[in-house]
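Me: I would like to learn how to read a few local features of a protein model, one at a time. Could we look at the structure together and begin with a single residue?

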Amino acid sequence: MFTNPLLDGLQFAKEPVPFIITIFGATGDLTRRKLIPALFSLFLKGNISQFKIVGFARRTWTGETFRDEAHQMIAGGAFASVPEAQKKAFLEKLDYVSSTFDDPEGYKRLAQLVKGWEGRLFYLSTPPDEYEAIIKNLGAQNLNQSVPGYSRIIVEKPFGRDLASAKELNEILASVFDENQIYRIDHYLGKETVQNILVLRFGNGIFEPLWNNRYIDHIQITVAESLGVGTRGNYYEKSGAMRDMVQNHIFQLMTLLTMEPPNDLSPDTIRTEKVKVLKSLRPITFKDVKTYTVRGQYGPGIVQGQSVKGYLEEDGVNPDSHTETFVALKIFLDTWRWEGVPIFIRTGKSLGRRVSEVAVSFKEPPLHIFNNRGSDTKNNTLVIHIQPEEGVTFNVNAKIPGYTTQVRPVSMDFAYGNAFGESTPEAYERLLLDALVGDSTLYTRRDEIETSWAFITRILQGWAEDPAPLPQYRAGSSGPEEAKALLSSVNQKWRKL
Amino acid sequence: MKRYADPQAVEHQLRKIQQEISPNEARTNLFNLVVYVSDQDDRLLMEALNYLHGKRPARVIVIRKNHGGVTHTDVTARCVPDENDKVLCIQEIVIFSGDDKAGEVPETWAPLLIREIPVFVWWLDSLDQAPVPQLFDDVADRCFIDTAFCDHPQGFLKELAKRSCELKTPLSDFSWVRIGPLQKLAANFFNTQEMRPHLHNLAGITLQGGLPSEALLFFQWFRVKMNWQGESDLSATEWHYTQDGKPVVLKHLAPKALNRGFTLTFETQDGHKLELKDSGEGYAKASGPALNYSSIFKMPTTGEALLQEIDKNSSDRLFLEAVENL
């Protein structure tokens with residue numbers, strides 16, 4: 001067995017072996033907006049060189065059509081100034097298989113294309129109801145075999161819609177692929193700021209000693225969107241804010257924020273710590289659902305200066321719909337570290353502003369010696385901004401210059417865009433590269449999925465028993481009034497959007 | 001007593017200029033960059049600062065060597081608003097070093113540095129007889145040089161390696177930064193199971209193109225990684241080593257800037273010829289027995305190289321390894 005000592009110590013040691021990636025559902029929106037641009041970007045940065053991309057979809061395209069379409073996908077935006085010769089060199093690596101997802105003939109043609117490549121990656125970018133046929137056909141053609149090289153599969157969300165369906169999908173996958181071949185993608189984990197949570201916590205000595213119930217008062221996690229459901233009414237009716245955002249993205253943020261320090265950065269060490277957090281979630285039972293959760297639906301209103309429809313008037317939405325477009329939760333982790341620290345979560349559509357952030361609010365000083373002097377001291381808060389601008393802010397109290405001791409909060413700001421200049425890489429670039437080199441740290445493990453669904457499903461069942469109409473909130477507002485009550489226990493308010 | 005640069009006056013002027021350009025809040029400077037450049041040729045400096053503009057807020061102190069006359073200082077700033085309407089500025093303090101060369105000693109410019117942020121010194125001039133990095137040991141966190149500005153890069157680096165224990169300031173060589181894409185190309189080229197045996201069975205490598213400093217560092221990196229034995233020759237364009245007792249010959253032909261094209265040829269002990277060739281259109285062609293693919297090849301510009309080094313905490317371990325084994 002010969003080694004390659006040249007790779008040792010190079011910063012770009014994440015170089016995958018020659019690989020072929022098959023994108024199922026290659027004519028879809030995800031391929032157009034994310035996958036092809038991400039692969040092209042990796043190619044331009046020199047992270048990948050020996051590879052082939054195969055589009056696999058129903059549409060009767062040829063390899064040439066796929067290349068023409070892909071050319072459009074990399075024509076504008078950041079790629080507008082890339083020389084045509086480089087685009088051509090990339091497009092030469094594209095091919096296409098036109099087939100339905102349940103036709104074995106298509107997979108036989110795919111098997112021919114795949115032959116001889118050391119790495120074989122299959123990307124499921126189709127609606128979930130196609131997953132089973134694809135997985136079984138890959139198995140039938142032995143495309144799941146990892147010898148020689150490797151065979152891996154990336155599965156897009158939604159990963160189930162409750163515990164039972166998630167388990168069923170896991171079973172189907174496990175019948176063909178081993179767990180270490182399965183990469184369940186949550187693009188939130190590919191974002192720089194989300195990964196920076198671990199660096200911030202475990203790469204700095206100052207935070208970890210304070211990261212517990214002795215010093216932290218409460219945590220707020222907000223993922224607010226200003227857009228409504230738009231043309232996705234049909235999809236959203238079956239999903240809702242809880243399934244669409246909380247079970248995956250927000251729980252990823254929450255686990256990274258609250259997990260115990262891992263011994264190392266190996267995928268399983270980190271994921272095991274995350275699962276421990278999920279297992280420590282205090283269950284919200286039927287009778288507690290109204291105390292710890294708030295749902296809402298946006299009505300008509302004004303968002304970003306423009307009048308918009310209410311959810312029930314959106315295309316594809318049932319006028320009697322009980323689907324929540326807003327959810328707020330108050331949760332607790334039953335661990336030594338977090339006992340008694342409430343974690344408040346809110347997410348919704350058609351809110352006043354697009355904001356994703358985590359705010360860790362520290363306890364007040366034991367004695368308020370400045371508060372009787374017309375001062376306005378606030379809890380110190382560490383805010384990790386994820387969208388729209390990635391960065392970190394730490395709010396502290398400072399003296400206002402002058403003869404009196406007046407105090408007011410000021411912020412220490414770190415913005416990724418300005419500290420590091422160029423924009424951060426697209427989440428899909430990082431995640432695809434990780435899958436190609438076999439690093440599953442930023443992918444979700446089976447037990448992680450099932451443990452989070454176990455918690456969420458209990459709440460969904462509680463909601464299903466409640467026939468009352470959902471509280472409405474004006475589009476463009478901060479959400480339903482009822483959500484404010486959740487924070488009364490800590491005598492705090494939601495952070496401004 | 002002469003005053004070459006008045007820190008208070010400089011700060012006042014900078015504040016005034018920034019206010020005039022934009023009344024909005026400015027982003028905090030991230031580092032100091034002190035550049036030594038010949039007054040006669042500032043082309044690379046201008047290119048680098050243009051690239052840095054809008055990417056990193058910084059204080060840049062330019063020492064214009066050999067300006068002649070009386071040493072004096074000039075202050076300016078260029079700012080651009082970011083998406084949150086805060087401005088990113090490059091504050092430029094230019095010290096024209098006169099006949100007395102007073103502008104060249106750190107004592108003149110050190111009081112103008114912003115404290116608590118890193119100080120990078122970039123020697124953008126001939127390295128022959130240059131006091132780098134020893135002159136800056138007390139003030140700089142890192143020094144940037146380019147051994148392309150050296151008549152004998154191998155001699156300069158060997159001397160540097162000898163003194164490495166006494167020197168406290170880490171050093172980066174832009175010639176090394178520029179060969180990064182070539183290293184990557186070569187490392188990837190030999191990364192498949194089929195190609196790895198060839199890597200361990202090489203009889204020779206020929207690099208056509210590249211400056212002498214780039215060829216030297218590339219071959220030195222390759223040799224150290226492959227653990228080839230032998231002594232380097234100080235003036236050579238050809239190096240002879242052995243691998244498990246078999247000779248390996250490294251040749252540098254047709255020197256010219258790497259970004260003007262190159263061909264890297266590998267010959268194996270059993271006569272196979274493998275090639276990496278710059279297409280001249282932003283990618284390189286790899287060819288050999290049962291091998292044919294294209295890979296992106298882009299040399300960093302001076303600005304990109306500068307930014308890349310500024311964002312690093314220390315010298316590249318591989319660079320140090322290569323230099324120590326010269």
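Predicted model: local features only at pLDDT ≥ 70, side-chain atom pairs only at ≥ 80, totals over all residues.

Me: Where does Asn66(B) lie in chain B, and what is its phi near?

Reply: Asn66(B) sits in the loop between β2 (58-65) and β3 (72-81) of chain B, and its phi is near 55 degrees, a positive value in a residue other than glycine.

Me: Is Ser350(A) buried or exposed?

Reply: Ser350(A) is buried, because 29 other C-beta atoms lie within 10 Å. Ser350(A) is placed in the loop between β12 (343-348) and β13 (355-362) of chain A, and although it is not a glycine, it has a positive phi of about 55 degrees.

Me: How are two packed helices described?

Reply: Two packed helices are described by the angle between their axes and by the distance between those axes. In chain B, helix α5 (residues 174-189) and helix α7 (residues 212-226) pack at an angle of about 55 degrees, with their axes 9 Å apart. α5(B) and α7(B) are therefore oblique to each other, and α5(B) passes α7(B) in a right-handed crossing.

Me: Which classes of residue make up the contact of α5(B) with α7(B)?

Reply: The contact of α5(B) with α7(B) has six nonpolar, three polar and two charged residues.

Key. Residues numbered from 1 in each chain as written. Chains lettered and ligands numbered in written order. Axes fitted to C-alpha atoms, helices over the stretch in contact; angles between N-to-C directions. Helix = DSSP H or I, 4+ residues; strand = E, 2+ residues; numbered from the N terminus. Parallel < 35°, antiparallel > 145°, perpendicular 65-115°, else oblique. Left-handed = near helix turned anticlockwise from the far one by under 90°. Nonpolar A, V, L, I, M, F, W, Y, C, P; charged D, E, K, R; others polar. Buried ≥ 20, exposed ≤ 12 C-beta atoms within 10 Å, placed from the backbone.
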